[in-house]
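Open the model in your viewer and keep the selection tool ready. The tour goes stop by stop, side chain by side chain.

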Amino acid sequence: MSQLDELEGVRRLRSGVLLLILIPVLILIVALVGAAAIYATLMSAPVSSYTGSSLVADETVLAVVLALISLVLIVMAFRRLRRGFSLLSAAGRGGSTGVTGSWLLIIAAIIALPGAALLMFVGFIVSSIVSVIGNAGYILIGKGLYDVGSSYGKDSLKTGGALVAISFAVVLLLTVDWRGLLSYAAASGVPALLSLLVLLLIFLILGFIGLILSYTTLGDIVRELQAKASQAGAQPATTTL
């Protein structure tokens, strides 16, 4: 495994992490725009011309659009993450668990697409399956980032990977049973529901911070490897094995 392959592995891993950062941001933007459009239609159209079934249809279309966007971006992230982790694992830099996590992410995205189309029928079942597989994928990716950080001696990358793994482990525990969660919230009242949502949001934000921290530290590693490659190219005679 050459140093250039190792450098390419870090570059691909970094671009894959960037896509994982962009995915929730883009989905949030599309969701807000879609929700605003549905709200504007409801406010402007007569009640008789916009029935409940029409609203359900619009919500289903929005869910499918979000799933398609997620699928495309996750496929792009999957290719970069899998290749990046594979190259680094071959170079002895760890990250083999990240390869498995990348596969789990793409599987979750594929399952989510028909689940969105059948939202009113089997949405809870599919969402639970997607939650387990997708969050497990993020946990393994976080572990892979931690291992890469350990190999390069980068505490910030280890911290970022740990934040990703721990945050999505908690999210997995909170969301593995949507029906049970909603039943608990209904029985316990609004304060309990708000507490769960706040807790979920906190750990999602921590996972997001972990991805950002990992992305910036991988950039530092890229620059260091580039400097070493340039030095080796400029002074081949002084290079020792």
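Start by selecting Asp-220 and Arg-223. Their side chains meet in a salt bridge, 2.5 Å from N to O. The term salt bridge stands for a side-chain nitrogen of Lys or Arg within 4 Å of a carboxyl oxygen of Asp or Glu. Asp-220 and Arg-223 are 3 residues apart in helix H7, so about one helical turn separates them. Helices here are DSSP runs (H or I, at least four residues), numbered from the N terminus. Asp-220 is partly exposed at 33% relative accessibility. Arg-223 is partly exposed too, at 48%. The cut-offs: buried is under 20% relative accessible area, exposed is over 50%, and partly exposed lies in between (1.4 Å probe, protein chains only).

A word on the model before moving on. It is predicted: local features need pLDDT of at least 70, side-chain atom pairs count only at pLDDT 80 or more, and totals for chains, interfaces and linings use all residues. Residues are numbered from 1 along each chain as its sequence is written, and side-chain values use heavy atoms, with hydrogens and water left out.

How many salt bridges does a search of the whole structure find? The count is 6. Stay in helix H7 (residues 190–234) and select Glu-224. Its salt bridge partner is Lys-154, with the closest N and O atoms 2.5 Å apart. This pair links distant parts of the chain: Lys-154 is in the loop between helix H4 (119–152) and helix H5 (155–175), 70 residues from Glu-224. Is Lys-154 buried or exposed? At 17% relative accessibility, Lys-154 counts as buried. Glu-224 is partly exposed, at 36%.

Now go to helix H1 (residues 3–44) and pick Glu-8 and Arg-12. They form a salt bridge, the closest N and O atoms being 3.0 Å apart. The two residues are 4 residues apart, about one turn of the helix. Arg-12 is partly exposed at 31% relative accessibility; Glu-8 is partly exposed at 29%.

**A nonpolar patch**

Select Leu-18, Leu-22, Val-25, Leu-26 and Ile-29. Together they form a nonpolar patch on the surface with about 360 Å² of accessible area. Leu-18 lies in helix H1 and is partly exposed, at 30% relative accessibility. Patches take residues with over 30% relative accessible area and no salt bridge; nonpolar side chains (Val, Leu, Ile, Met, Phe, Trp, Tyr) are joined within 5 Å, like charges within 9 Å. Accessible areas come from the Shrake-Rupley method with a 1.4 Å probe; for residues, only the protein chains shown count as cover.

**Rings**

The whole structure holds 2 aromatic pairs. Select Phe-78 and Trp-103: the ring centres are 4.8 Å apart and the planes stand at 65°, so the pair is edge-to-face. Phe-78 is in helix H2 (residues 52–90) and Trp-103 in helix H3 (residues 96–117), 25 residues apart. Phe-78 is buried at 11% relative accessibility, whereas Trp-103 is partly exposed at 44%.

Next, select Tyr-138 and Phe-168. They are stacked, 4.2 Å centre to centre with 10° between the planes. Tyr-138 sits in helix H4 and Phe-168 in helix H5, 30 residues apart. Both are buried. Rings of Phe, Tyr and Trp (its six-membered ring) pair if their centres lie within 6.5 Å; planes under 30 degrees apart are stacked, over 60 edge-to-face, the rest tilted.

**Charges over rings**

Finish with Arg-14, whose charged end sits over the ring of Tyr-215, 4.0 Å from its centre. Then select Arg-93, over the face of Tyr-152 at 4.1 Å from the ring centre. The criterion is NZ of Lys or CZ of Arg within 6 Å of the ring centre and within 35 degrees of the ring normal.
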